[in-house]
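I opened this structure today and kept notes as I went. The entries follow in the order I looked things up.

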Amino acid sequence: MPRPTLRTDRSAIAANVARVRAATSSEIMAVVKADGYGHGAVTVARAAVAAGATWLGVTDVTEAVALREAGLEQPILSWLNPAGVDAALAAARSVDVAVGSVDELRDLLDDAVAPLRVHLQFDTGMARGGTPIGEWHELLRVARDGRDRGLIDVVGVMGHLPLADHADPAANTPAVLRMRQARDAVLRAGFGPVRVHLAATAGALTDPATHFDLVRVGAGLVGIDPSDTVPLVGAGRLTAPVVHAARVAAGTAVGYGADHVTASDTHLCVVGVGYADGIPREQAGGGVEIAGARHPIVGRVSMDQVVVDTGDVLVERGAIATVFGPAGGAAPTIQEWARWAATIPHTIVTGIGPRIGRSIE
Ligand SMILES: *Cc1c(COP(=O)(O)O)cnc(C)c1O
């Protein structure tokens, strides 16, 4: 029986990078946090770099080291760093780190042993990370002190767009102004040159005013435009085998709680993935593709399996069901799954569990 597998399509990632490239002349950072949005951090990073991305982005230094171990030599920025920054490791592996507050910067300076490349992160209107404007002065004072002691080099100025899922330049204006203000404050404080970066996927695709020197693109690499305005190519295909199939009579109760009862004589089959693999249990209207046709999931999603009603078609055990894939065929897209589960496509792809095999095409 072929095992449930998520295939990552490198040509889709290349097409998505090309789409971003067409929208900006700034450099492109490939953001591969959360294992490359579930598609494999190294796989996505390599494909994005081959297609023209010149930076890599992650949320902690451990993720960055894994990219270095895989041979990726591009500049890497790690922000957030929830487990703290191992400053010696970051310096040894040439990993840039972002600091989002005076406290964070002081902690870093306590540990820094070699000049560590730092990006100062400013709150550009989100109140989720980034130094609030009232602390900028102190942040810059402490950063100057760290630089003068030879502990850090300030090489970047970072913000984040609060309306990262909008395609609305007017709504981005306050963040863009705040970003310019931060850049000017950093330059006036005697740092420079610095790379300035604000936009994520939606800003990169829809609002040139947000681009500055570098755009940080994560979701877009795997085919998600959070603003839902630019068609990108889904980079993942999740398949699983049919492990059981049978003909049943009208009136047959299906699955836990008998939530579904067949309305007529039909064929059911069981596909071997469930909520432990990332299939949303709270979904309505979901389906899978088998042999070129879409069939509905019926009854509750179980931990390891779902039941599919194939109507007149008796599916063979061992047939392959596609849970999601790129748009264009009968297979559902991750955007459809997001609608069925009342969520965003990001949670679908980052939720794919460890039992699912991975492959690259
Ligand atoms: C995740 C993240 C990104 C990438 O956002 P996408 O919308 O997935 O492109 C960019 N910047 C920061 C700070 C992030 O946390």
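Entry 1: Is E282 buried or exposed? I looked up its relative accessible area, which is 58%, so E282 is exposed. Here buried means under 20% relative accessible area, exposed means over 50%, and partly exposed lies in between, with a 1.4 Å probe and protein chains only. E282 forms a salt bridge with R281, at 3.1 Å from N to O. By salt bridge I mean a side-chain nitrogen of Lys or Arg within 4 Å of a carboxyl oxygen of Asp or Glu. R281 is partly exposed, at 38%.

**Entry 2: ground rules.** I noted that this is a predicted model, in which local features need pLDDT of at least 70 and side-chain atom pairs count only at pLDDT 80 or more, while totals for chains, interfaces and linings use all residues. Residues are numbered from 1 along each chain as its sequence is written, and side-chain values use heavy atoms, with hydrogens and water left out.

**Entry 3: the whole chain.** I counted 11 helices and 18 strands. Helices (H or I, at least four residues) and strands (E, at least two) are DSSP runs, numbered from the N terminus. The chain has 361 residues, and 51% of them count as buried. Its C-alpha trace spans about 80 × 40 × 35 Å along the principal axes. Next I checked contacts, meaning heavy atoms within 4.5 Å. Among contacts with a separation of 6 or more, 66% join residues 24 or more positions apart.

Entry 4: Side chains of opposite charge can pair when their charged atoms come close. I looked at E336 and R294, whose closest N and O atoms are 3.0 Å apart. This pair links distant parts of the chain: E336 sits in helix α10 (residues 334–340) and R294 in strand β15, 42 residues apart. E336 is buried, with 18% relative accessibility. R294 is partly exposed, at 36%. Another salt bridge joins D145 and R149, at 3.3 Å between the closest N and O atoms. D145 is partly exposed, at 35%. I also found a network of salt bridges that links R106, E138 and R141.

**Entry 5: D123.** The D123 side chain does reach the backbone nitrogen of A127, at 3.2 Å. D123 lies in the loop between β6 (116–121) and α7 (136–148). Beyond its neighbours within four places in sequence, D123 contacts G129, G130, T131, P132, W136 and R178.

**Entry 6: helix α8.** A175 is one of the buried residues of α8, and the others are N172, V176, M179, A182, A185 and V186. Their cover includes β6, α7, β7 (152–158) and β8 (195–197). P169, also in α8, is partly exposed at 41%. P169 contacts T206 and D207, leaving aside neighbours within four places in sequence.

Entry 7: Most residues other than glycine have a negative phi, and most peptide bonds are trans. I looked for exceptions. G192 and P193 are joined by a cis peptide bond, with omega about -5°. P193 lies in the loop between α8 and β8. F212 has a positive phi, near 45°, and is buried at 19%. D228 also has a positive phi, near 55°, but counts as exposed at 66%.

Note on methods: Polar contact = N/O pair within 3.5 Å; in protein donor to acceptor, adjacent residues only side chain to side chain.
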